[in-house]
Amino acid sequence: MNAYEKLLAARADGRPTAKNYIERLFQNFIELHGDRRYGDDSAVITGIGTLGRMPVTVIGIEKGHGTKEKVARNFGSAHPEGYRKALRQMKLAEKFNRPVICLVDTFGAYCGIGAEERGQGQAIAENLMELMGLRVPVVSILIGEGGSGGALALAVADEVWMLENAVYSVISPEGCASILWKNPKRVGEAAEYLKITAQDLLSLNVIDRIIPEGIGFSKTCAFLKIQLIQTLKRNRTLTEEDLISQRYEKFRRIGSDFQ
């Protein structure tokens, strides 16, 4: 598939969401709610569970299935309280030495007036800063669409993985086409230029691994579970200083590659 076809696949109605992956990958999952500042954002699912025998913290952006649930989840566009809820769970994970696994699937952070009034930009910035220095292993997986800062707020990790047909971009191809050419019909062309596919981003060293999808959802989850267990076990052997240093250098290298 070309880039635009992968974009459509990432947005497809029947595509598994974060909730589906949580049900398949983790045992004894307990959802935790609220940011302790404003409220609970249904677009972000957080909680604790076990991966194999390993206690982990799980954070997922959930788009929902069906019109009613999608509206309730705000179509996966998180408010600032969603990102603050995620940050609260990250800090608890750090306190109790639990690895963090993030499942990212969002058009982007919600850009409504209320979200801006409650500090959307600051909430995303706080997550970026705190994730860079978090003292436990972090793995982020783009399972569908990774849109702009809304996705990046949960994607500063030791390893960033993408599903085979997921996309990750600083702006939507529709938005890019409208800004550059004042013509939204050139969305396919914009998708190619933006390098949004997993294959493009792996070649650019923006991500670390591609998770195959063509083998079916059950086998994808089985493969993903094995890779997560192996990666987290390896990263837990590192000292806190080495873990943070390697994460920092990873993103420094990405930045230097594009200078």
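**Strands, cysteines and a pocket**

Student: Which residue stands opposite Leu-103 in β4?

Tutor: That's Gly-60, which stands opposite Leu-103 in β4. The model is predicted, so local features need pLDDT of at least 70 and side-chain atom pairs 80 or more, while totals for chains, interfaces and linings use all residues. Residues are numbered from 1 along each chain as its sequence is written, and side-chain values use heavy atoms, without hydrogens or water.

Student: OK! How many bridges link β3 and β4?

Tutor: Four bridges, and strand β3 (residues 54–61) and β4 pair in the parallel sense. Strands are DSSP runs of E, at least two residues long, and pairing takes at least two bridges.

Student: And how many join β4 to β5?

Tutor: Six bridges join β4 to strand β5 (residues 138–147), and these strands run parallel. For example, Ile-101 has Val-139 in β5 as its bridge partner.

Student: So is β4 enclosed or open?

Tutor: Seven of the seven residues of β4 (residues 100–106) are buried, so this strand is largely enclosed by the rest of the structure. Buried means under 20% relative accessible area, with a 1.4 Å probe and protein chains only.

Student: Which residues sit on each side?

Tutor: On one side you'll find Val-100, Cys-102, Val-104 and Thr-106, and on the other Ile-101, Leu-103 and Asp-105. Both faces of β4 are covered.

Student: New topic: how many disulfides are there?

Tutor: The structure holds zero disulfides (cysteine sulfur pairs within 2.5 Å). Cys-102 is in no disulfide, and the nearest cysteine sulfur belongs to Cys-221, 17 Å away.

Student: Why can't the sulfur of Cys-221 make that bond?

Tutor: Because the closest cysteine sulfur, in Cys-102, is 17 Å away, which is too far for a bond.

Student: Last one: how much space lies in the second largest pocket?

Tutor: About 250 Å³. A pocket is an open set of points on a 1 Å grid where a 1.4 Å probe fits, with protein on both sides within 12 Å along at least five of seven lines; lining residues have an atom within 4 Å of a point.

Student: Which lining residues are closest to its centre?

Tutor: Of the 15 lining residues, the closest are Asp-158, Asp-208, Gln-246, Lys-250 and Arg-253.

Student: And which helix gives the most to that lining?

Tutor: α12 does, with seven residues. α11 (217–236) and α12 (240–257) each supply at least two.

Definitions and conventions
Points joined across faces, edges and corners; volume = space filled by probe spheres on them. Buried < 20%, exposed > 50% of the residue type's maximum accessible area, 1.4 Å probe, protein only.
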